[in-house]
Amino acid sequence: MKDASPIVSFQQINNAFSHESVMTRTHNEADAKTDDPIEAASKLAALGNALKVLETADAEARSKVLVAADHRVASLLQTYLAMKSSEEGKVEASAAGANEAKFDDKDVLGWIGSFFSWWKRLKPAKWLAAPPEPETIPNNPEDFRMAVLGDWGTGLYGAPLCAKSIEAEKNIAQDDKGYGVLMHLGDVYYSGDDHEVQKRFLDLWPKNPNTVSRAINANHEMYTGGHAYFKKILKGFKQPASYFALQNDHWLLVGLDSAYADKDLAKDQVGWLNNIIAKADKRKIIMFTHHQPFSWLEEQHPKMTGKLGQLLNSKKIFAWYWGHEHRCVIYDQHDAWGLHGRCVGHGGYPYFRKNWSELGAKKEDENWWQLGKKNFTPGGRVLDGSNQYIDGHDDPQRYGPQGYMTVEFRGKNLNEIVHAPDGTKLYEKQIA
Ligand SMILES: [Fe+2]
């Protein structure tokens, strides 16, 4: 089977790399690709770390679902092994629409040298500067709906159905106006190369007519330098840069790039944003990033929020949507910053459920747990349940629900809906 975007499991990688001959060849190729012994040693150490990270992730998963780590070399290795397995037809159909790469030590002996060459050639894509003025939201700018998907770029599990439900919006819309804006909050697995961007993202992205699509840059896209993100996704979406602003008379939607510089705001995004906000009049501001400004369970990103300190402390941001963390959380309004935070990172990645009761949450209903306020992080509600789209791979009870959000703009009013992949409404609230 060729051209298959297969899953690359740790088990397959480990079986191949456990052979002495593969390790010896790996050492030799690392040395052969550079005159600098420090570079060779650091590449080997990074590869060793990659195997460790995948081992840990796999030990937790113990299943055949797609497992991706927030680790550049681990993701590069998976992308490369997927590509070579695909090219050579070493792919078998697996469950739930997925394919799995099936290679052995002899294959890796043949591929490891070119992996090092490929890795060495990867440099960050050229930064693109955004236009200084916001674009006007096209079509019916007063009254439009936006679909928000995060960490959706697996092409598997609930992800394709989310896209189909957005395309078939008339089935779930309150009216027939459809979506005006489609927003991806980032992450195309494993490392967003050309093939993965095409197969796991662009081929499946909803094709609603008269809609503007925008994509946020993310860590997995940047593992290969972001070339496919900058050249294929941005070009396909007619998006001028990895940060952007869209507005109408009441709302200013701003996407920022927190991945070109990891968990930071690269280049002059803050200066650009301040200029735009200075001219925003009474418009309410909504932010979109891949990384979280705060989290109930995961780390915070002080480089990013620090650069936005003045905006945050002056309560100028009305709402902020992000991904990266694979779950759906609707936070209460932030005490100090006044914003409505939403984590929408449950679009496509198969993530484990937490024991919310043990973590001190209180069950609200069959879909939601209530989170109390914790340190600087507001309380809120987190989506929980089983994941029927994992079926055939593993126990659906182990994995959390996937889905997407709709944000409805009606003049000054803003209404939020959380959907299951099939479009079913799981939550709805007007917040403005
Ligand atoms: Fe991420």
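A residue is called buried under 20% relative accessible area, exposed over 50% and partly exposed in between, with a 1.4 Å probe and protein chains only. The model is predicted: local features need pLDDT of at least 70, side-chain atom pairs count only at pLDDT 80 or more, and totals for chains, interfaces and linings use all residues. Residues are numbered from 1 along each chain as its sequence is written, and side-chain values use heavy atoms, with hydrogens and water left out.

**Exercise 1.** Classify the ring pair of Tyr243 and Trp272, and state whether these residues are buried or exposed.

*Solution.*
Step 1. Rings of Phe, Tyr and Trp (its six-membered ring) pair if their centres lie within 6.5 Å; planes under 30 degrees apart are stacked, over 60 edge-to-face, and the rest tilted. The whole structure holds 29 aromatic pairs.
Step 2. For Tyr243 and Trp272 the centres are 4.9 Å apart and the planes stand at 90 degrees, which is edge-to-face.
Step 3. Tyr243 and Trp272 are both buried.
Step 4. Ring pairs also join Tyr243 and Trp272 into a cluster with Trp127, Tyr229, Phe230 and Tyr260.

**Exercise 2.** Classify the ring pair of Phe288 and Tyr321, and find which strands hold these residues.

*Solution.*
Step 1. The centres of Phe288 and Tyr321 are 5.5 Å apart with 15 degrees between the planes, so the pair is stacked.
Step 2. Strands (E, at least two residues) and helices (H or I, at least four) are DSSP runs numbered from the N terminus.
Step 3. Phe288 is in strand S9 (residues 284–289) and Tyr321 in strand S10 (residues 317–322), so the pair ties together parts 33 residues apart in sequence.
Step 4. Phe288 is buried, at 0% relative accessibility; Tyr321 is also buried, with a relative accessible area of 0%.

**Exercise 3.** Name the residues that coordinate the iron ion, and describe the site.

*Solution.*
Step 1. Donors are N, O and S atoms within 2.8 Å of the metal (3.2 Å for Na, K and Ca); water is not among the atoms, so sites may look incomplete.
Step 2. Asp187 (OD), Asn219 (OD1), His290 (NE2) and His324 (ND1) coordinate the iron ion at 2.1 to 2.3 Å.
Step 3. Four donors are tetrahedral if all angles lie between 85 and 135 degrees; four are square planar and six octahedral if opposite donors are over 155 degrees apart and all others between 65 and 115; anything else is irregular.
Step 4. The angles among the 4 donor atoms are 84 to 154 degrees, and the site is irregular.
Step 5. Asp187 and His290 are buried.
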